[in-house]
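Let's take a walk through a protein fold together. Have the sequence and the 3D view ready, and turn the view around as you read.

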Amino acid sequence: QRGGGGGGGGGITARFRARGVARVLGRKLAEGGLESAFIVGGNDGGGGGGGALMTVSPEGHVEETAYAAVGSGMGPAAAELMGRYDPDMTLKEAQELVRDAVRRGIREDLGSGSSVNVWTVAPQVDADSGGGDGIARRYFEDVA
């Protein structure tokens, strides 16, 4: 989307929808050459779009879901998510759940690494998590 209007400046502003990003990633993965899995999430905006969360498999399959875990520690992490996920949870509760799920994956799978970083990127972030300017804010960092 090109900006500019009457005030000079110009510039380019890009707005990507999570579902579109997941589809593009899926096509690229299906072409081969990259063996990775992704979790893509975001707010797909007005018109009833709301929040969106998708997993993209190494083969390019895209699946929309309420919660997701990928990687070698996904079994234990998914168990934590399944046991505690609530569609009405607050942002802070969701951040804590993500932290705990990653910690469990690390604890129960030696190939999962050793640190936890939880970031929030949102147009409006509550006061507990940092500003409201849409910039990524680190909620939690830990070495398990």
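Predicted model: local features only at pLDDT ≥ 70, side-chain atom pairs only at ≥ 80, totals over all residues.

Helices (H or I, at least four residues) and strands (E, at least two) are DSSP runs, numbered from the N terminus. Two strands pair if DSSP finds at least two bridges between them. Residues are numbered from 1 along each chain as its sequence is written, and side-chain values use heavy atoms, with hydrogens and water left out.

Now for the overall plan.

Strands of a sheet pair through backbone hydrogen bonds, either parallel or antiparallel. Here you can find an open sheet of 3 strands in the order 1-2-3, with antiparallel pairing. Strand 1 (38-43) and strand 3 are the edge strands, each pairing on one side only. On average, neighbouring strands of this sheet are turned by 25 degrees against each other, direction ignored; axes here are lines fitted to C-alpha atoms, for helices over the stretch in contact, and angles run from 0 to 180 degrees between N-to-C directions.

How many bridges join strand 1 and strand 2? The antiparallel pairing of strand 1 and strand 2 runs over 6 bridges, and G42 has A52 in strand 2 as its bridge partner. Strand 2 (residues 51-56) and strand 3 are also antiparallel, over 3 bridges. T55 is partnered with E63 in strand 3, and V56 stands opposite V62 in that strand. The hairpin of strand 2 and strand 3 has 5 residues between the strands, and in it G60 takes a positive phi near 100 degrees.

What packs on this sheet? Helix 1 (residues 18-31) does, touching strand 1, strand 2 and strand 3, and its direction makes about 10 degrees with that of strand 2. Zoom in on L29: leaving aside its neighbours within four places in sequence, L29 is in contact (heavy atoms within 4.5 Å) with several residues, including F38, V56 and G60.

That brings us to the inside of the fold. Call a residue buried if it has under 20% relative accessible area, exposed if over 50%, and partly exposed in between (1.4 Å probe, protein chains only). Of the 144 residues of the chain, 25% count as buried. In soluble globular proteins, nonpolar side chains tend to be buried together. A nonpolar core is a set of buried Ala, Val, Leu, Ile, Met, Phe, Trp, Tyr and Cys residues joined through side-chain atoms within 4.5 Å. The largest one here has 7 residues: A18, A22, L29, V40, A52, M54 and V56. Helix 1 and strand 2 are the elements that give two or more residues to this core. There is also a second, separate core of 6 residues, with A69, A78, L97 and A101 among them.

Next, move along to helix 2 (residues 74-84). Its buried residues are P76, A77, A78, E80 and L81, and they pack against helix 3 (91-108). Is E80 buried or exposed? E80 is buried, with a relative accessible area of 16%. Not counting residues up to four places away in sequence, E80 touches L97, D100, A101 and R104.

Finally, look for the aromatic rings. Rings of Phe, Tyr and Trp (its six-membered ring) pair if their centres lie within 6.5 Å; planes under 30 degrees apart count as stacked, over 60 as edge-to-face and the rest as tilted. A search of the whole structure finds 1 aromatic pair. Y67 and Y85 form this tilted pair, at 5.1 Å centre to centre and with 50 degrees between the planes. Y67 sits in the loop between strand 3 (62-64) and helix 2, and Y85 in the loop between helix 2 and helix 3, so the pair ties together parts that are 18 residues apart in sequence. Y67 counts as partly exposed at 28% relative accessibility, and Y85 counts as partly exposed at 31%.
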